Amino acid sequence: MKALVIEQFGDPNTFRETNLPTPEVLPNHVLIRVAATSVNPVDYKIRQGVVADIAPSFPAVLHGDVAGTIAVVGAGVNQFNAGDEVYACAGGIKGMGGALAEYMLADAHLVAHKPKSLTMAEAAALPLVSITAWFGLIDRAQVQPGQKVLVYGATGGVGHMVVQLAKWAEAEVYALVSSDEKAAIARHLGADITINYRQQPVEEFVAEHTDGKGFDVVFDTVGDDNLQNAFKAAKLNGTVVSIVSLSQQDLTLLHAKGLTLHLVFMLIPMLFGEGRAHHGEILSKLAQIIDEGKIRPLLDSKTFSMTEIASAHQHAESGQAIGKVVLTQSFNL
């Protein structure tokens, strides 16, 4: 099969097209004919060598998100048949091949039937970010109807899913954005209130929107020192969820306010083999919600083919993308 690989860590031009053996189908696995994938920060961090400890062996096929059609079903798999349209986050990390190829071998527990109402490109934008959002907001924070949920990075990959899931859960959603354009997008996604964090400091919007009490749930997709802002924005005994917490932090405010902090690393089931079935369950439930018209993926206006992988990574890393950067299959088969 044709594939895009890296043979060393480096810049976006490190990718090269090559031929690799098509993966043999293992028991409890499926072979997916790849139609589309999307770029997540972990993909370009692996390519850069920033998280080399979770990188696949060279020549490495990257990217976890995939949408496509099942080509072959392995022994022990009963929920899928050849020809089924599916989506998943199922590889591109240590011990697991990725989606930048004609075919991707995937543990069937990680896979779900694709939402019928979405294209392959739209479906490929969803798995990693939606599982992350669901795990943080629904499983860990256990958001309740009527709660005030504050979302940092509301138009980003994970953030745009948190906004929609919080609204689906009947919460009151406050979206932090950096521009009028992003505010309009956040409102279209379902945010009740948008807040430009460049124009209004945390103490000011907490006072305006919560009478100074703070938000029930704060979902931080920014990380690093922004965690301190998240702690400031949360109410007494409130909940903070972070997906980017690779930093040293002063926990004084966390203690003083009695906060609960949940740290989400959605790759754990893939890296350690525990809890994989829940990923498939989340994607199955999400597909149902999507087909009911309650959630939609936010795709960046620029689209790419797989052979434009370098440009896609450059755009995703630039910080200029709004929503997910998606690539569709383009090998000359």
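**Reading buried and exposed residues**

Biologist: Which residues is Met-96 in contact with, leaving aside its neighbours within four places in sequence?

Modeller: Contact is a matter of distance between heavy atoms. In this predicted model, Met-96 touches Pro-56, Ala-90, Gly-91, Leu-110, Met-270 and Arg-276.

Biologist: Where is Met-96 found?

Modeller: Look in the loop between β5 (85–89) and β6 (103–107). Now look across to Leu-271. The two C-alpha atoms are 8.8 Å apart, yet 175 residues separate Met-96 and Leu-271 along the chain.

Biologist: Does Met-96 count as buried or exposed?

Modeller: Buried means under 20% relative accessible area. Met-96 has 13% relative accessibility, so it counts as buried.

Biologist: Why does Phe-265 count as partly exposed?

Modeller: Phe-265 counts as partly exposed because its relative accessibility is 42%. Phe-265 sits in the loop between β13 (260–263) and α9 (268–272). With Ile-268 and Phe-272, Phe-265 forms a nonpolar patch on the surface. Together they have about 320 Å² of accessible area.

Biologist: Which residues of helix α11 are buried?

Modeller: In α11 (residues 309–318), they are Ile-309, Ala-310, Ala-312, His-313, His-315 and Ala-316. Their cover includes β1 (2–5), β3 (29–39), α1 (41–48), β14 (304–305) and β15 (325–328). Just after α11 comes Gly-319, with a positive phi of about 80°.

Biologist: How many residues does the largest nonpolar core have?

Modeller: It has 100 residues. Val-30, Tyr-87 and Leu-137 have the most contacts inside it. Another core, of 18 residues, lies apart from that one and includes Leu-176, Val-206, Ala-230 and Leu-259.

Note on methods:
Residues are numbered from 1 along each chain as its sequence is written. This is a predicted model: local features need pLDDT of at least 70, side-chain atom pairs count only at pLDDT 80 or more; totals for chains, interfaces and linings use all residues. Side-chain values use heavy atoms; hydrogens and water are left out. A nonpolar core is a set of buried Ala, Val, Leu, Ile, Met, Phe, Trp, Tyr and Cys residues joined through side-chain atoms within 4.5 Å. Buried means under 20% relative accessible area, exposed over 50%, partly exposed in between (1.4 Å probe, protein chains only). Patches are made of residues with over 30% relative accessible area and no salt bridge: like charges are joined within 9 Å, nonpolar side chains (Val, Leu, Ile, Met, Phe, Trp, Tyr) within 5 Å. Accessible areas come from the Shrake-Rupley method with a 1.4 Å probe; for residues, only the protein chains shown count as cover. A salt bridge is a side-chain nitrogen of Lys or Arg within 4 Å of a carboxyl oxygen of Asp or Glu. Helices (H or I, at least four residues) and strands (E, at least two) are DSSP runs, numbered from the N terminus. Contact means heavy atoms within 4.5 Å.
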